[in-house]
Amino acid sequence: MKKIPLLLMGCGGVGRQLLHHIIACRLLHSKLGVRLRVVGVCDSKSMVVAPDAFTTELDDDLLLQVCKVKSSGSSLQNLNNFGECKVFSSQDLARKVTDIATILGNSTGMALVDCSASSETIGVLSQAVDLGCCVVLANKKPLTSSLEYYDKLVSQPRRIRHESTVGAGLPVIASINRILSSGDPIYRIVGSLSGTLGFVMSEVEGGKPFSQVINAAKSLGYTEPDPRDDLSGMDVARKALILARLLGHHINLDSVKIESLYPVEMGPDVMPVEDFLVNGLPLLDKDIKNRIDKASSSGNVLRYVCLIEDSRYEVGIQELPRDSALGRLRGSDNVLEIYSRCYKTQPLVIQGAGAGNDTTAAGVLADILDIQDLFP
């Protein structure tokens with residue numbers, strides 16, 4: 001039985017779902033001859049670890065308790081007297097993660113899994129690479145930080161997986177890597193990589209007011225508590241940067257042209273969220289409708305997409321043919337079109353659920369298993 005030790009950073013929706021997936025797949029993984037040995041879990045304030053990371057692990061009952069505690073909004077400190085584990089506070093976290101990576105990195109190749117949404121993990125991940133750990137990311141921020149950190153993280157490409165940073169569980173990164181490694185140059189990528197904005201653009205196409213669709217998306221749980229986090233386009237811009245860097249473009253986030261779907265005067269620093277939803281959004285309806293009508297008169301539709309082509313790195317609304325893969329997009333699916341020498345007249349199209357904790361966590365789990373050949 002091959003045992004893969006892993007340490008999870010981030011106990012939000014994706015992190016908790018990953019733990020549930022790991023527990024639910026015990027029998028399947030046993031048949032595959034693999035056991036995922038969770039030696040530690042941490043959030044931004046505390047950390048729970050196995051008594052001896054080299055020989056023991058956090059048992060499944062404890063992992064379920066971690067999920068229960070975090071789902072209720074409580075601290076991991078509440079696990080101090082639960083089962084066989086040790087709990088550390090915030091000032092010890094980075095050092096403790098590094099200590100475990102030092103013990104397990106070169107000897108076992110421990111997987112350090114980042115399901116947080118924080119830039120605070122970048123330093124620890126960089127050290128973990130030096131210590132021989134494998135890195136699995138759902139967190140986009142480490143890959144969209146400075147080029148110095150990015151180059152460090154990807155310096156050993158066999159030891160990093162980050163499929164879930166772009167398309168949740170969709171095989172976007174793997175497909176691009178296969179095309180590039182075959183010597184087939186990719187010259188254009190265009191895609192709808194936000195389930196939220198994909199839903200919004202396909203709904204307004206049917207005649208519903210933009211403001212009504214945003215409020216509906218919020219009530220369905222498709223948006224962040226403040227929908228401007230989605231409407232700013234920053235999340236899609238980070239995904240575009242990850243893809244551009246994967247293609248070999250040495251650029252930073254400020255190289256990506258981003259179209260926000262709300263003006264500066266309606267920003268979070270100016271307008272409270274409730275004011276934005278009630279009074280701000282309706283003021284945007286007319287412009288969106290005019291753009292939809294203009295596109296429709298040419299037989300096109302509007303989609304919020306990322307575009308990477310030559311030295312163009314853009315995120316925003318574009319007119320696209322109604323009968324294209326992106327034009328046919330409905331609901332919250334993601335769609336990506338990849339153009340290369342081999343996929344010139346008919347692009348490689350990747351489509352499917354590209355959002356949600358369940359799908360994203362499944363992508364992370366698949367990434368962890370994908371690196372199992374690196375473990376003794």
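Modeller: This is a predicted model. In the second largest pocket, strand E7 (160-161), helix H7 (172-181) and H14 each contribute at least two lining residues.

Biologist: Which element gives the largest share of that lining?

Modeller: H14 does, with four residues. The lining has 20 residues in total, and Ile160, Arg161, His162, Ile173 and Asn177 lie nearest the centre of the pocket.

Biologist: What is the make-up of the second largest pocket's lining by class, and how much space lies in the pocket?

Modeller: The lining comprises 11 nonpolar, four polar and five charged residues. The space amounts to about 410 Å³.

Biologist: And how much space lies in the largest pocket?

Modeller: About 1,200 Å³. Its lining consists of 40 residues, with Val14, Lys140, Glu224, Asp235 and Asn357 nearest the centre. Helices H1 (13-24), H8 (195-204), H10 (228-231), H11 (234-246) and H14 (357-370) are the elements that supply two or more lining residues. H11 has the largest share, at five residues.

Biologist: How does the lining of the largest pocket divide by class?

Modeller: There are 19 polar, 13 nonpolar and eight charged residues.

Biologist: Changing topic, how many disulfides are there?

Modeller: The count is zero. For Cys115, the nearest cysteine sulfur belongs to Cys11 and is 9.1 Å away, whereas a disulfide requires the sulfur atoms to be within 2.5 Å. Cys134 is also in no disulfide, and the nearest cysteine sulfur, from Cys133, is 7.6 Å away.

Biologist: Is Cys134 buried or exposed?

Modeller: Cys134 counts as buried because its relative accessibility is 0%. Cys115 is buried as well, with a relative accessible area of 9%.

Key
Residues numbered from 1 in each chain as written. Predicted model: local features only at pLDDT ≥ 70, side-chain atom pairs only at ≥ 80, totals over all residues. Heavy atoms only, no water. Buried < 20%, exposed > 50% of the residue type's maximum accessible area, 1.4 Å probe, protein only. 1 Å grid on protein atoms, 1.4 Å probe; cavity = no way out; pocket = protein on both sides within 12 Å on 5 of 7 lines; lining within 4 Å. Points joined across faces, edges and corners; volume = space filled by probe spheres on them. Nonpolar A, V, L, I, M, F, W, Y, C, P; charged D, E, K, R; others polar.
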